[in-house]
Amino acid sequence: NFLPAVAEANLSAVPMIVLTADRPEELRGVGAPQTIDQIELFGSHAVWFHDPDVADAASAEQWRPLADAAVDHAAAGPVHLNLPFREPLVGRARPLPDAGPSTFAPAVDHGPPIELVPDGFDRQRGVILAGGRSGVARADVIALHELTEWPIIADAQSGLRQHPGVITTADALLRHARFAADHAPELVVRVGRPSSSKVLARWAAAGDPLVVQVGGPGIIDPDHNVAARCSIEALLAARPAGARGTTWLRRWRHADERAANAIAAELDTEEISEAGVARTVAEHSPVGSLVTVSSSMPVRDLEWFGGRAASAHANRGANGIDGVLSTGLGRTLAAAGTVSGVVLIGDLAFVHDSNALVSLATRSVDLRIVVVDNDGGGIFSFLPQSAELDPARFEQLFGTPLGVDVLALARSCGVDAVDVTTRQELIDRLAMPGPWVVRAKSDRRANVHDHRRLDDAVIRALDA
């Protein structure tokens, strides 16, 4: 059960220490019950693994150095300590030994950051693609924008959406063929991981622009076209003129304003839609709340249609749907009652991690869960297989309807759960303390039509 979390932590450079209990050496590989091979169980997903001997008084002086080494290694990602025990599994607590020098392997040295600024970096038609968990300060991204007047295309995890230099409707804008061609970039500075938008990714890779990767975590070059990797400090120190004195940024902002108005006109109604739910969560979650959004369609709808209010955490290292409720619950518990938590999630991810609901009603935690329920994997209805396969075969392999009553599932754990059928009902619920679950029902086919309607509205706005 740790594997998805370990993989996500590795790809996102999240500090994590996983402690697994194990049998002693003499009971491994001999058919002892409840025993599997746990040596390097997570493989390369863990940045460090250690399997110490069975704990006893004679080895007590190693406990603090082992803990110290684990914390040191965990700065780079997940650490796995596999801890064997012998029966009887009871003992007396003893004073911890004094701290001493560590005898364990040193933490991985990733070396100094690369400070090389690429040739031809100072170009007018540049864009800054800003993602989350990049390790780059938001103020530095803004400083690069102000220095160059390159537009920032920021996803919902960046924490930058409210800055006036940010373009919030890029996915819709770039579906307009003439706009995309007229605004092809000469330079792409990508900060952190790529956005969820395939349209944006294809546009940013077309025409062979100079691609500069800033920040991580890890190697990020899915299109094999990164020309240089350097720090944001190195780019700022180069003092590029960028697009200053040109109409580049003003054109982007003008188009973004038109697109945002068109999207608002379509979504600011009482009718419930998947994009509208994401927009409502962005605009009406409590001030300062910790919003967690699931991968697949929810994170895309928040990014594409959430506007300047869109700000959330998402497990986008591996882009998986595992553990989304647990992530939202953990973030809210860590806040120790200072703020509320909001989770925007699809029914598939909700059921996948429904164990997070166990004992939720007994916890002192303000967690507000919004489930977009289209009975399956809605994102696949946007892909080619939805048109190329027989409908029954598509449902079996990709639609994967669950037939699960998510409200009954929540209620079985003692959690208040209701349907919302209008935008105002969702707004009213978001104002109520949790824990609770609301379900916004959707139809996958209708959702595809709704997204096309939104894209068409933006295209008409640009054409006008």
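1. The exposed residues Asp68 and Val71 lie on the face of helix α2 turned away from its buried side (buried: under 20% relative accessible area; exposed: over 50%; 1.4 Å probe, protein chains only). The model is predicted: local features need pLDDT of at least 70 and side-chain atom pairs pLDDT 80 or more, while totals for chains, interfaces and linings use all residues. Residues are numbered from 1 along each chain as its sequence is written, and side-chain values use heavy atoms, without hydrogens and water.

2. Helix α2 (residues 63-74) has 12 residues and spans 16 Å from first to last C-alpha, close to the 16 Å expected at 1.5 Å a residue (1.5 Å times one less than the number of residues). Helices are DSSP runs of H or I, at least four residues, and strands runs of E, at least two, numbered from the N terminus.

3. Pro65, Leu66, Ala69, Ala70, His73 and Ala74 of α2 are buried. Seen down the helix axis, the buried residues fall within an arc of 170 degrees, so they line one face (directions taken from the axis to the C-beta atoms). Their cover includes β1 (16-22), β2 (48-50) and β3 (78-84).

4. Thr169, in the loop between β6 (166-167) and α4 (170-173), counts as buried because its relative accessibility is 3%. Beyond neighbours within four places in sequence, Thr169 is in contact (heavy atoms within 4.5 Å) with Asp256, Ala259, Ala260 and Ile263.

5. Ile263 of α8 also takes part in the contact with α9, together with Ala264 and Leu267 of α8 and Ala275, Gly276 and Arg279 of α9.
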